Amino acid sequence: MLKNIIAPVQAWLLSQNRCVGCGKPLVGKTQNKKSGQAVVTCICKRIYVFDDVKKRFRRALVTEI
Ligand SMILES: [Zn+2]
């Protein structure tokens with residue numbers, strides 16, 4: 001039940017370039033030297049990757065950190 005509510009909220013937060021954990025705007029992109037992707041580390045330590053194709057953030061995979 002709760003999952004059904006959280007997933008759309010997280011998708012909405014990401015579409016607004018906001019952290020799904022704390023809701024803060026994701027700013028201060030840096031370039032990942034390994035992959036060349038733009039990444040942002042939130043103040044709550046969650047790491048996001050900017051998807052150039054979709055023009056939005058997504059959570060970084062463990063292999064990308
Ligand atoms: Zn956060």
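Visitor: Hi! Where is the place of K45?

Guide: K45 sits in the loop between β2 and β3 (47-51). Helices here are DSSP runs of H or I with at least four residues, strands are runs of E with at least two, and both are numbered from the N terminus. Before we go on: this is a predicted model, where local features need pLDDT of at least 70, side-chain atom pairs count only at pLDDT 80 or more, and totals for chains, interfaces and linings use all residues. Residues are numbered from 1 along each chain as its sequence is written, and side-chain values use heavy atoms, with hydrogens and water left out.

Visitor: Thanks. What is phi of K45 near?

Guide: Phi of K45 is near 80 degrees, which is a positive value in a residue other than glycine.

Visitor: And is K45 buried or exposed?

Guide: K45 is exposed, because its relative accessible area is 68%. The cut-offs are under 20% for buried, over 50% for exposed and in between for partly exposed, with a 1.4 Å probe and protein chains only.

Visitor: What about K55, what is its phi near?

Guide: Phi of K55 is near 60 degrees, again a positive value in a residue other than glycine. K55 lies in the loop between β3 and β4, and with a relative accessible area of 56% it is exposed.

Visitor: Switching to the metal: which atoms are the protein donors of the zinc ion?

Guide: They are the SG atoms of C19, C22, C42 and C44, lying 2.2 to 2.3 Å from the zinc ion. A donor is an N, O or S atom within 2.8 Å of the metal (3.2 Å for Na, K and Ca); water is not among the atoms, so sites may look incomplete.

Visitor: Why is the arrangement around the zinc ion tetrahedral?

Guide: Because the 4 donor atoms subtend angles of 103 to 119 degrees around the zinc ion. Four donors count as tetrahedral if all angles lie between 85 and 135 degrees; four count as square planar and six as octahedral if opposite donors are over 155 degrees apart and all others between 65 and 115, and anything else is irregular. Ideal angles at a metal are 109.5 degrees for four tetrahedral donors, and 90 or 180 degrees for six octahedral ones.

Visitor: What spacing do the donors follow along the chain?

Guide: The donors of the zinc ion are spaced as C-x2-C-x19-C-x1-C.

Visitor: New topic. How many aromatic pairs does the structure hold?

Guide: The structure holds 1 aromatic pair. F50 and F57 form it edge-to-face, 5.0 Å centre to centre and with 70 degrees between the planes. Rings of Phe, Tyr and Trp (its six-membered ring) pair if their centres lie within 6.5 Å; planes under 30 degrees apart count as stacked, over 60 as edge-to-face and the rest as tilted.

Visitor: Are F50 and F57 buried or exposed?

Guide: Both F50 and F57 are buried.

Visitor: Now the surface. Which residues make the nonpolar patch?

Guide: L2, I5, I6 and V9 make a nonpolar surface patch of about 360 Å². Patch residues have over 30% relative accessible area and no salt bridge; like charges are joined within 9 Å, and nonpolar side chains (Val, Leu, Ile, Met, Phe, Trp, Tyr) within 5 Å. A salt bridge is a side-chain nitrogen of Lys or Arg within 4 Å of a carboxyl oxygen of Asp or Glu. Accessible areas come from the Shrake-Rupley method with a 1.4 Å probe, and for residues only the protein chains shown count as cover.

Visitor: Where is I5 found?

Guide: I5 is in helix α1 (residues 2-15), and at 46% relative accessibility it counts as partly exposed. V9 is found in helix α1 too, and V9 counts as partly exposed at 42%.

Visitor: Last one: how far apart in space are K34 and E64?

Guide: K34 and E64 are 8.4 Å apart, C-alpha to C-alpha, and 30 residues apart in sequence. K34 is in the loop between β1 (30-31) and β2 (38-41), and it is exposed with a relative accessible area of 69%.
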